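Q: I am new to this structure. Please take a close look at its aromatic pairs and the helix around them, then follow the chain onward.

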Amino acid sequence: MTNAAVHMEGQLHAPAHGAVATAAVHAKGQQHPIKLYLVVWGWLFVLSTCSYLVDYFGLHGYLRWSLILLFMVLKAGLIVAVFMHMAWERLALAYAILLPPIAVLVFVSIMVLESEYTHFLRVLFFAAPS
């Protein structure tokens, strides 16, 4: 028998106080040091400052929106990974949360490409720029 199976079998036949002690150990093991949260808070502050500096320096066009979206995604990633504890979850749960937004982005990009193609065909065949 593997170690995990022996461990699970021991838990199945353990008395109730053993289950409470095991739960207490697991609950204590899930606590993260305060330094981690302070470092993430510091990075969130730095990224927010950078996104405000984009407006302060008066950047325009695609550069402005690219930087704002980059800082937004980085901040959201930090918040989801640390404060929502996704960094410590199983990979299946992470995929269940991360794959739908990625699929939406792929479909939106396909729609953007299709809209440009449709616009091009309308101008080409109907000579009606809009």
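A: The structure holds three aromatic pairs. Here, rings of Phe, Tyr and Trp (its six-membered ring) pair if their centres lie within 6.5 Å; planes under 30 degrees apart count as stacked, over 60 as edge-to-face and the rest as tilted. Trp-41 and Phe-45 are a stacked pair, because their ring centres are 6.1 Å apart and their planes stand at 20°. Both residues sit in helix α3, four residues apart, about one turn of the helix. Trp-41 is exposed, and Phe-45 is exposed too. Tyr-56 and Phe-57 form an edge-to-face pair, with 5.5 Å from centre to centre and 70° between the planes. Tyr-56 and Phe-57 are both exposed.

A word on the source. This is a predicted model: local features need pLDDT of at least 70, side-chain atom pairs count only at pLDDT 80 or more, and totals for chains, interfaces and linings use all residues. Residues are numbered from 1 along each chain as its sequence is written, and side-chain values use heavy atoms, leaving out hydrogens and water.

Now the helix itself. Helices are DSSP runs (H or I, at least four residues), numbered from the N terminus. Helix α3 covers residues 34–56, 23 residues in all. At 1.5 Å a residue it should span 33 Å, and its end C-alpha atoms are 33 Å apart, so the two agree. The expected span is 1.5 Å times one less than the number of residues.

Its buried residues are Val-40, Leu-44, Leu-47, Ser-48, Ser-51 and Val-54. Buried means under 20% relative accessible area, exposed over 50%, and partly exposed in between (1.4 Å probe, protein chains only). These buried residues of α3 pack against α4 (61–83). After α3 comes Gly-58, whose phi is positive, near 75°.

Next, the loop between α4 and α5. His-85 lies there. His-85 counts as partly exposed because its relative accessibility is 33%. Leaving aside neighbours within four places in sequence, His-85 is in contact (heavy atoms within 4.5 Å) with His-32, Tyr-37 and Val-80. His-85 and His-32 are 53 residues apart in sequence, and 10.0 Å apart in space, C-alpha to C-alpha.

Last, helix α5. It runs over residues 91–126 and includes Leu-98. Leu-98 counts as partly exposed because its relative accessibility is 46%.

How values were computed:
Helix = DSSP H or I, 4+ residues; strand = E, 2+ residues; numbered from the N terminus.
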